[in-house]
Amino acid sequence: MPSYPPARSGGRLVRGRGSIYPISNGTWRGAAIVTDPSSGRRIRRYLSGPSADSVLAKMTDLQSEVARGVTSAGPKLKTGTYLARWIDGLGSTVRPATERGYRQHVEGYWIPLIGSVPLARLAPRDVEQAMATLTARGLSATTVRGARATLRRCLGRAIRDGLIARNPASLATPPRQPHREIEYLPIPAIRRVIEATAGDELGAAWTIALTTGVRLGELAALSWSDVGPDDLTLTVRRALARDASGGWSLGETKTARSRRTVPLPAAARAALADQRGRQDAARARAGNAWQGRRDDLIFTDSLGRPIPPGTLSKAWRETADRLGVDVPFRALRHSAATAWLTSGVPLVLVSEALGHTGVSITVAHYSAIAPELRQATASAMDRALGGEP
């Protein structure tokens, strides 16, 4: 804690500590220079009290706040004001879909619930109470945790800006996430789906998803230039997603690690060959109306236009109902992952093929199939020791 020399009338204290002086009504006033969080400017802050000692105590508290990263103007800045400024300033730093998600969290959840709390006074309990309110409204634990992650990111920027000293969202305890079994198709079911949809208009799309683990938006954005020589590999470079105008456009993948190259098994190579023939026929029928020349996408509608992810998902649901496999599209990605893992593919290679940012994410996603993996490791050891043919 800083110490001050005795105040004296008209006297200035040690450089950088401000000054304390008496004023005409018999009270004392002190002045200090602090940073205004709204503008970043250095401003003079005045404090007053009945005695020099009381002003000195206030200035000591002020210096303590400054040392902790909470400026004197902090109490005047509301959390909602900072949140709104942050979301409006994201601009091109994130993908449009990500910005929409952040905005939903900020404007739909956080500003109404904690926007009136001064940013410098926001506490973990405020965030926890807000999360409890969201849960009581019927939001899932996953949704609330996602909203908390958005708030944590925003408040991390506030720490960088010197407005707060700690992140209340990071310190707040999120709602418990109930364990949820992942949905996937076992290998025999994967084989049956590939065989049963071989002649379907989108049969090749289901085969690619089941054998490479591409995400829905990635599948919709695949182009023929992404296919390697002799159809041996497939490079995931882009994803089809909503743009700022509300339309669909080809953009970046979910993360940098999502850009990856995966080997294509025989079933996928055969599906691509069939898709080439099917698309060539569609192009010939469309003639000059064909619109797929620029992007050269693998999966398009009858005029060569991209197929929105929602349309693909709906088409898969209809196919799943017809085949009696009650799983959503995301289960195709899970199916590829579990097929690799239970067949003995090293975890790090599965993680790379899925485009996860780290192996820990792969483990967290697929811990539900641990019994099958344990049996697979036992079988592998039996084969290595000659216990099985």
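Arginine 330 forms a salt bridge with glutamate 183, with 3.9 Å between the closest N and O atoms. Arginine 330 sits in helix α12 (residues 330-342), while glutamate 183 sits in the loop between α6 (168-171) and α7 (187-196), so the pair ties together parts 147 residues apart in sequence. Helices here are DSSP runs of H or I with at least four residues, and strands are runs of E with at least two, numbered from the N terminus. A salt bridge is a side-chain nitrogen of Lys or Arg within 4 Å of a carboxyl oxygen of Asp or Glu.

This is a predicted model: local features need pLDDT of at least 70, side-chain atom pairs count only at pLDDT 80 or more, and totals for chains, interfaces and linings use all residues. Residues are numbered from 1 along each chain as its sequence is written, and side-chain values use heavy atoms, leaving out hydrogens and water.

The structure holds 13 salt bridges. Three of them are tabulated here.

| Salt bridge | Closest N and O atoms |
|---|---|
| Arginine 330 with glutamate 183 | 3.9 Å |
| Arginine 215 with glutamate 218 | 2.8 Å |
| Aspartate 326 with arginine 317 | 3.3 Å |

Arginine 330 is partly exposed at 49%. Glutamate 183 is partly exposed at 35%. Arginine 215 and glutamate 218 are both buried. Aspartate 326 is exposed at 59%, while arginine 317 is partly exposed at 33%. Elsewhere, salt bridges link Asp88, Glu99, Arg103 and Glu107 in a network.

Now to α12 itself. This helix has 13 residues and reaches 19 Å from first C-alpha to last, close to the 18 Å expected at 1.5 Å a residue. The expected span is 1.5 Å times one less than the number of residues. Eleven of the 13 residues are buried, so α12 is largely enclosed by the rest of the structure. Among them are Leu332, His334 and Trp340. Just after α12, glycine 344 takes a positive phi of about 95°.

The axes of α7 and helix α8 (residues 203-212) come within 9 Å and cross at roughly 155°. Axes are lines fitted to C-alpha atoms, for helices over the stretch in contact, with angles from 0 to 180 degrees between N-to-C directions. α7 and α8 are therefore roughly antiparallel (over 145 degrees). Ile190, Val193 and Ile194 of α7 make the contact with Thr207, Leu210 and Thr211 of α8. Contact means heavy atoms within 4.5 Å.

How values were computed:
Buried < 20%, exposed > 50% of the residue type's maximum accessible area, 1.4 Å probe, protein only. Parallel < 35°, antiparallel > 145°, perpendicular 65-115°, else oblique.
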